[in-house]
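Here is a short briefing on the domains and strand pairing of one model. Keep the structure open while reading.

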Amino acid sequence: MTPELGQLALILALMLALAQSILPLLGAWRGNRALMAVARPAASGQAVFVALAFAILVWAFLHFDFSVQYVADNSNLQLPWYYRIAAVWGAHEGSMLLWVLILNVWTVALALFSRQLPEVFLARVLSVLGIISVGFLCFILFTSNPFGRLLPMPADGADLNPVLQDPGMTFHPPVLYMGYVGFSVAFAFSIAALLGGSMEQAWVRWARPWTNAAWAFLSCGIVAGSWWAYAELGWGGWWFWDPVENASFMPWLVGVALIHAQAVTEKRGSLRAWTILLSLFAFSLSLLGTFLVRSGILTSVHAFASDPRRGTYILCFLAFVVGGSLLLYALRAPKVAGGKAFALISRESAILIGNLMFTVAAAMVLLGTLFPLLGDALNLGKISVGPPYFGLLFPLLMLPVVLLLPFGPYLRWGKSDVPALKQVLVRAGMAAAACAIIAAFFVEGQLKAIAGVACAVWVGVGVVLYIVKRWREMPRGRRYPAEMAGMLLAHFGVAIFLIGVLLSESLSVTRDVRMSPGQVAAVGGYEFRFDGVTQTTGPNWVAEQGVVTVTRKGAPIAVMHPQKRTYTHERVQTASAVDPGITRDLYVALGEPMDANHVEGAWALRLYTKPFIRWIWGGGLFMMLGGFVSAADRRFRVKRDAEATQTITTPVQESQA
Amino acid sequence: MNPTRQRRLTIIIAVLAAVIVASALVVYALQQNMNYLFTPSQVQGGEAARYKTFRLGGMVKAGSIQRSNDSLKVTFTVVDASGDMPVEYNGILPDLFRENQSVIATGHMDGARFVATEVLAKHDETYMPKELKDAMAKAHSGKHIDETVNQDKPSP
């Protein structure tokens with residue numbers, strides 16, 4: 001009976017979502033305050049019912065209710081309780097429910113913390129969010145019902161995909177979805193601005209913390225996913241340019257462009273139409289990402305089988321959101337566009353160049369990801385685009401960004417003077433060159449590693465120089481407002497990330513070896529001794545556990561225990577062993593027994609040393625932190641009456657350039 | 001031309017030049033890195049002859065997996081309904097690699113053998129990659145394909 005209540009809750013939520021999307025919009029159009037006032041309570045009510053449905057699904061998992069098809073497909077009696085909760089979003093139906101739940105959380109938060117916004121504008125924002133919610137709730141109810149029954153009820157369920165049975169997996173999807181869904185706020189703001197035909201700087205100021213927070217969540221989700229792939233999949237890689245990784249990376253790239261463009265629009269009123277366009281793209285790509293992952297239209301490690309109705313619905317919904325918003329943009333953008341002009345050497349120009357690079361990078365990734373679909377549609381054959389495509393183009397596109405980055409904070413709005421920039425160029429350039437020369441002695445002529453050190457020092461020193469300058473020139477208490485601190489943190493994260501990527505890519509040593517017990521293999525200055533395998537068991541798996549003793553010039557470093565787990569239903573999953581370190585990771589994964597009947601004999605092993613690989617995620621975490629710190633700036637929350645009522649209608653001013 | 005127009009023109013030209021360079025690079029990179037998927041019978045029919053590197057998809061033939069005694073070298077046969085292709089690989093096979101399961105191997109032909117540099121098996125053992133299913137269906141349109149490998153949903 002309870003699962004039917006979940007279904008009922010979803011239907012009620014859909015009714016409220018319909019009310020939330022239609023009535024306030026009508027009210028805003030007719031100037032009817034009673035209709036506009038529907039938005040808030042409808043949003044809250046909808047959130048209650050969606051949360052109820054979600055809780056009922058969690059309850060079904062916790063109580064082994066295998067009469068629910070989704071529960072039976074994704075859990076069994078042996079699965080520990082924490083993975084039964086994670087199993088809620090372990091497959092398509094539950095993921096969609098989680099998506100709607102998070103959308104409702106964002107909507108309610110927005111309704112609570114936006115009392116300063118004009119009534120009409122807020123009504124439009126909430127109704128746009130309502131429309132998105134209607135789309136997803138219909139999708140769930142008509143094509144992906146998580147509460148469908150399975151009769152007769154099986155005695156035990158299938159299993160959650162063993163790949164997903166990992167601590168990283170429990171929070172990777174929710175955090176990623178927080179990011180995807182978070183962009184819906186910027187999207188709703190833009191649509192509301194287009195509908196209203198005007199865009200106030202104060203509104204952009206309001207949208208900024210939401211966008212920054214969404215982007216920070218997305219960064220966190222991507223870092224968690226990358227870390228999980230590294231630790232779990234047993235290949236030792238951290239990024240594969242897999243379609244699903246790309247799906248989360250595209251909104252992230254556009255998100256980077258968006259948070260910078262929003263800063264320009266808020267501070268200077270320029271680039272307004274561009275900011276709106278970016279927020280439409282960011283959310284459209286988030287939608288695309290959500291659907292690409294679980295729809296099965298692309299061959300990927302994440303893809304699941306699906307039924308064709310879903311594909312059709314998704315296509316229609318995407319067409320409605322992307323097409324509708326672009327149409328609205330085409331009709332209304334000229335009305336909101338405009339702003340102050342700026343000189344060639346100015347902060348606006350630098351941000352614009354960065355913006356172009358990031359959007360082109362996102363377009364490049366989009367092309368590479370969807371090209372197989374395109375080839376299929378045009379009957380070119382079954383094509384896949386290899387990682388070298390991305391590996392060649394992405395660094396090329398990001399190089400100008402890295403080179404420009406240290407100048408960013410020094411540049412002034414409108415028009416900047418050159419001498420200050422020359423000073424940065426000389427100082428950061430000399431530091432980078434010096435470090436590159438020193439590094440050259442350590443990395444045995446690996447050009448990539450030297451370039452990595454040079455780029456990282458260039459960016460890092462640039463950021464530090466600016467921190468010192470603020471410290472000297474500004475009075476205490478006004479040196480680093482949260483917005484600026486966040487920017488500096490995120491930019492410094494880029495330096496850390498560059499070190500991690502370029503050093504680990506160029507200096508990693510990878511060996512796949514066949515080893516008998518007692519045999520020693522030397523990899524990257526360490527000796528790995530294989531001491532055979534033993535049997536071990538976990539809550540719902542049995543495993544062969546290898547023992548690998550690592551020494552360096554005879555001194556013991558670590559004893560590692562890579563596993564080959566066999567879960568219920570004979571599903572095999574590698575669990576690699578990692579010995580972490582700041583300057584290097586040691587990584588061991590069990591391959592397979594050379595003779596399946598003699599597991600005590602020789603095995604295939606992967607032995608890796610990965611210098612500085614942790615810096616990759618460290619850099620990502622710095623960027624995430626930067627996003628959250630920026631979002632927390634008090635300036636975004638303080639109401640300024642004078643500005644809130646002043647619409648930007650000033651004519652375009654020519655600068656003195 | 002007044003300064004504003006001149007500046008706008010400079011910007012437009014710069015953006016256009018950037019777009020042209022970017023497009024050229026993208027086309028080049030795509031051409032270099034497009035991998036086509038073929039089934040063994042398509043390869044034997046000569047369809048893959050134009051491509052140096054391509055992907056071979058099919059089922060691992062039962063009893064065909066042969067390991068070397070002293071290295072990681074492994075050979076196996078990939079089959080579809082009417083063709084087979086010996087594959088050689090030097091490395092560790094994925095967890096889900098086993099007999100009668102679908103695989104996709106990336107590599108090149110060396111004589112009559114396919115030398116793989118990467119072997120992928122799908123995460124869900126009863127699920128066949130859609131592109132592989134399509135490729136196999138296309139290679140044998142009208143012929144019977146084993147139903148057990150063609151199911152979309154995991155068996156209960």
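Two strands count as paired if DSSP finds at least two bridges between them. The model is predicted. By that criterion, β9(A) and β10 (residues 584-593) of chain A pair in the antiparallel sense, over three bridges.

**Chain A: layout**
- Chain A divides into domain 1 (1-160), domain 2 (166-408), domain 3 (417-507) and domain 4 (509-612).
- The C-alpha centres of domain 3 and domain 4 of chain A lie 37 Å apart.
- An unreviewed UniProt entry annotates residues 315-634 of chain A as "domain: Cytochrome c-type biogenesis protein CcmF C-terminal".
- That span is 52% helix and 24% strand, and its end C-alpha atoms lie 41 Å apart.

**Chain A: the sheet**
- Four strands of chain A form an open antiparallel sheet, ordered β2-β11-β10-β9.
- β2 (509-515) and β9 (577-579) of chain A each have a single partner strand, so one side of each lacks a neighbour in the sheet.
- Strand-to-strand twist averages 15 degrees.
- Ala577(A) has Val588(A) in β10(A) as its bridge partner.

**Chain B: around β4**
- β4 (residues 73-79) of chain B has a covered face of Val74(B), Phe76(B) and Val78(B).
- Its uncovered face holds Lys73(B), Thr75(B), Thr77(B) and Val79(B).
- β2 (residues 54-60) of chain B runs antiparallel to β4(B), joined by two bridges; Val60(B) partners Val78(B).
- β3 (residues 66-67) of chain B pairs antiparallel with β4(B) over two bridges, and Arg67(B) stands opposite Val74(B).
- Five residues separate β3(B) from β4(B) in a hairpin.
- Seven bridges join β4(B) to the antiparallel β5 (residues 84-90) of chain B, with Lys73(B) opposite Asn90(B).
- A hairpin of four residues links β4(B) to β5(B).

Terms used:
Residues are numbered from 1 along each chain as its sequence is written. Chains are lettered from A and ligands numbered from 1 in the order in which they are written. This is a predicted model: local features need pLDDT of at least 70, side-chain atom pairs count only at pLDDT 80 or more; totals for chains, interfaces and linings use all residues. Domain bounds come from an automatic or database domain assignment. Axes are lines fitted to C-alpha atoms, for helices over the stretch in contact, and angles run from 0 to 180 degrees between N-to-C directions. UniProt positions are given in the numbering used here, feature names are shortened, and annotations may be inferred rather than shown by experiment. A residue is buried if 20 or more other C-beta atoms lie within 10 Å of its own, exposed if 12 or fewer, and partly exposed in between; C-beta atoms are placed from the backbone.
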